[in-house]
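This briefing concerns the structure displayed below.

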Amino acid sequence: LYGCDVAESTEREDFVESLGNNDGSQNWAGNWFENDSGNPGQDAPGGNINVDTIAGLKFKTNGTGDYIYRQIDLSSAATATLSLDVDNGIGSGSAILRLEISSNGGASWNTLEDYTISNAGSFSDSFDITSHISANTQIRFHLVSGGGNDTVFFDNVQIEYSTGAVSLSAAQDTYLTKGGSRTTTAIPPASSSIVPAAATAI
C-alpha cells in the first residue's frame, strides 16, 4: 500500500508598506500592474489605487475602468484556492468593484465576485480557482462601474496550491517466515518462505 505526499505552496501579498511583496512560500510572477485614472503612477499618493499600511490595498470607487492585476505561474499546480480579506465600504448603489481571474494572461476574464452595496462590510472570501490553473494565471480588481467615491480594502491576498504527489511511501508489514524469524518490509518476501495464516513456524 502506497501513500502520496502532497506539496502545498502559497503565494501571498500582505500589502505591508507597498505593492509587490512576496509574503508566501513562493514568489509571484511579477509585480502588480495598475491602471489608475486618479494618478497613473504605481501606488501613487492621491490616486484611486494605493496601499494603506494598516488596512491593505485601497481602491476608491470613483474611477470607472480602473484596475490592478498580478500574475502567478500555476503550471505545476494540481489544485488552487484564492483567499482574501475584504473591507467593503461601498455605499452607492451604482458602484461595482469586480474580482476577476484570467487563465490566458489577461486575454479574457472570468468573474469571481462583485463587491457592491449589497455585500458591504468586512469578511473573508475564498474561491476554488483550479479550473483557471495555467502558466500565466492573473487575478484582477476591476471597477466596472464607479460612483460614490467610496473605498474598498483588500488584504492578505493568497493563492494556495498543491502540486500533487511528490514522493511515495509504502506501508510496512511484518511477516513470519518458515525459518521462524520475523521480517518487516514494504515488499512481501517470496510466498514460499511465508508461514500461512494461523500456522506455526516449521
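With the side chain of which residue does the side chain of S102 make a polar contact? The partner is N104, and the separation in this predicted model is 2.8 Å.

- S102 belongs to strand β7.
- Because its relative accessible area is 0%, S102 counts as buried, the cut-off being under 20%.
- A polar atom of the S102 side chain also lies 2.8 Å from the backbone nitrogen of G106.
- Leaving aside residues up to four places away in sequence, S102 touches A107, S108, W109, N136, T137 and Q138.

**Nonpolar core**
- The largest nonpolar core comprises 33 residues, and L82, L84, I129, F141, F154 and I159 have the most contacts inside it.
- Two or more core residues come from each of β3 (49-52), β4 (56-60), β5 (67-72), β6 (79-88), β7 (96-102), β8 (110-115), β10 (137-145) and β11 (151-170).
- With five residues, β11 gives the most to this core.
- Residues up to four places away in sequence excluded, L82 is in contact with L99, L112, D125, S126, F127, I129, I139, V157, Q158 and I159.

**Strand β5 and its partners**
- The covered face of β5 consists of I68, R70 and I72, while Y67, Y69 and Q71 form the uncovered one.
- Strand β2 (residues 33-35) runs antiparallel to β5 and is joined to β5 by three bridges; E34 has I68 as its bridge partner.
- Six bridges pair β5 with β10, also in the antiparallel sense, and R70 stands opposite I139 of β10.

Definitions and conventions. Residues are numbered from 1 along each chain as its sequence is written. This is a predicted model: local features need pLDDT of at least 70, side-chain atom pairs count only at pLDDT 80 or more; totals for chains, interfaces and linings use all residues. Side-chain values use heavy atoms; hydrogens and water are left out. A nonpolar core is a set of buried Ala, Val, Leu, Ile, Met, Phe, Trp, Tyr and Cys residues joined through side-chain atoms within 4.5 Å. Buried means under 20% relative accessible area, exposed over 50%, partly exposed in between (1.4 Å probe, protein chains only). Helices (H or I, at least four residues) and strands (E, at least two) are DSSP runs, numbered from the N terminus. Contact means heavy atoms within 4.5 Å. Two strands pair if DSSP finds at least two bridges between them. A polar contact is a pair of N or O atoms within 3.5 Å; within protein, one must be able to donate a hydrogen and the other to accept it, and residues adjacent in sequence count only if both atoms are side-chain atoms.
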